[in-house]
Amino acid sequence: MDKSAKIEFNGSSYTFPVITGSENEEAIDIKNLRSEMGLITYDPGYKNTGHCISSITYLDGENGILRYRGYSVEELCEKKSFLEVTYLLIFGDLPSQNQLEKFQNDIREETLVDEDLKQIFKSFPKSAHPMGVLSSLTSALIAFNPQNETKISMTDKEGVTADDKMYLSTVRLLAKFPIMSSWTLRKIKGLPLNYSNNNLSYTENIAYMMFAKPNQEYVQNDVIVNALNTLLILHADHEQNCSTSTVRIVGSSYAGLYASISAGISALWGRLHGGANQAVIEMLELIKNDNSDIDKYLNKAKDKSDPFRLMGFGHRVYKNFDPRAKIIKKAADQVLNDLGIDDPILDIAKSIEEKALTDEYFIEKKLYPNVDFYSGIIYRALGIPSDMFTVMFALGRIPGWIAQWKEMRDSNNPIGRPRQIYNGPTHRKISS
Ligand code: SDX
């Protein structure tokens, strides 16, 4: 039975259709609200507003569920590689062995980075934040991948979303983004830049490019590779978060894939979003250096007059445990134990979680640890500097951004252009 919602206003009424998703989520379809009733909706931060219908990722915030194309992240982390999950998100199904091998080989074909792009990279000062560098380099990739530029053709089917061109742009970005990301780490550490080692798997290669030292034989550490595989899978997509919505709205103007993802990288950088994993470590260090006075900082987080927030806590969708935080917390224990690292800020993080989860303020506002609360502790144990933490987040999120951008373009969504309520000065003449 078709469901509907009736809105009555100013003596008129209109019945709007209600659409139901495959997990029984429901939304009022208000496409005709303005034309039928002269009204728009007002929803700062889009907290109650859906801007698309998607089949990529499903979140259940009340029950802490996260699935990519129907598979739970828990099962994917246990049984699949990040490259397989990348294929799943972009093409809709897990790859067969042949499909995976072709995908891996097509990516390996693209692992050379133009030396001119390397010159652009080298021109950045050592002090540049890697997220700013990567947003710039991803945009610069357009120049080395001209088919990714927006063609004037309105049909766009000759443009990037034509299957062959979209596939080439996809494998090129999947090949080059990890190389550029590893270069930002090497620059911070004053190490020579590594190129891709095509004899390694996708995630092994990321670890190799980041950690292989020029004067030592590179010995792979499976603890590091397995931790990276889990972290990259858990960051791979998260439906319509701030940066993914940015990628979609930029792409809706017919800007190219790389221009859209460059914008997404900038959106992810913010401390309220992907930049939170760096902010968490800075917060934990601050608490540690302040006699580990956890109560003082929990009180600051609860004080409305204090701008301090408990970074790594709270989420727009999860009003229960972020399932990723549970997996990452377990992985943090495992990695520090396997690497024989005793990091006091892990103990501080666990004490904060324990206190917050029994504190009325956090219970009432349903604030739980999110994906960023423990991830930085693992990156730190792997020897990755905190400026790089959001880069690691972006490395994981690339497949999700590609999948979401393609879905948006394939569904021929109109250009994203929200409305507003104006409350500035009414018409006035320039006084002589
Ligand atoms: C990510 O959207 C995604 O899916 C994002 C992400 C992904 O994978 O893409 O999951 C990744 O960005 C995770 C979130 C990382 N950010 C942080 O950890 C920063 C700290 N968290 C908050 O700033 C906040 O919780 C947000 C930004 C995550 C969510 O903010 P909302 O949904 O806009 O909620 P809000 O700011 O309106 O908070 C509701 C209430 C407020 O109190 P009241 O005004 O109602 O009295 O809860 C309070 C807030 O003050 N609150 C916090 C808090 N988070 C919310 N109080 C103290 N500490 C916090 N962390």
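R324 and D322 are both buried (under 20% relative accessible area with a 1.4 Å probe and protein chains only, where over 50% is exposed and values in between are partly exposed). The two residues form a salt bridge, with their closest N and O atoms 2.7 Å apart; the term denotes a side-chain nitrogen of Lys or Arg within 4 Å of a carboxyl oxygen of Asp or Glu. The model is predicted, and local features need pLDDT of at least 70, side-chain atom pairs count only at pLDDT 80 or more, and totals for chains, interfaces and linings use all residues. Residues are numbered from 1 along each chain as its sequence is written, and side-chain values use heavy atoms, with hydrogens and water left out.

R324 is also among the residues touched by R397, where contact means heavy atoms within 4.5 Å. Apart from residues up to four places away in sequence, the contacts of R397 include H235, A236, D237, H238 and N241. R397 lies in helix 18, which spans residues 389-410; helices (H or I, at least four residues) and strands (E, at least two) are DSSP runs numbered from the N terminus. R397 is buried but has no salt bridge, and D237, the nearest side chain of opposite charge, is 4.9 Å away. In this assignment Lys and Arg count as positive and Asp and Glu as negative, while His and the chain ends are not counted. A polar atom of the R397 side chain lies 2.6 Å from the backbone oxygen of H235.

In total, the structure holds 22 salt bridges. One of them joins E23 and R67, at 2.8 Å from N to O. E23 is in the loop between strand 2 (12-20) and strand 3 (26-28), and R67 is in strand 5 (residues 65-68), so the pair ties together parts 44 residues apart in sequence. E23 counts as partly exposed because its relative accessibility is 35%, and R67 is likewise partly exposed, with a relative accessible area of 23%. K6 and E8 form another salt bridge, with the closest N and O atoms 3.6 Å apart; K6 and E8 are both exposed. A network of salt bridges links E285, K288, D343 and R380.

The protein chain comprises 18 helices and 6 strands. Of its 432 residues, 49% are buried. Among contacts between residues at least 6 apart in sequence, 71% join residues at least 24 apart. The C-alpha atoms fill a box of roughly 80 × 65 × 60 Å along the principal axes.

Definitions and conventions: Polar contact = N/O pair within 3.5 Å; in protein donor to acceptor, adjacent residues only side chain to side chain.
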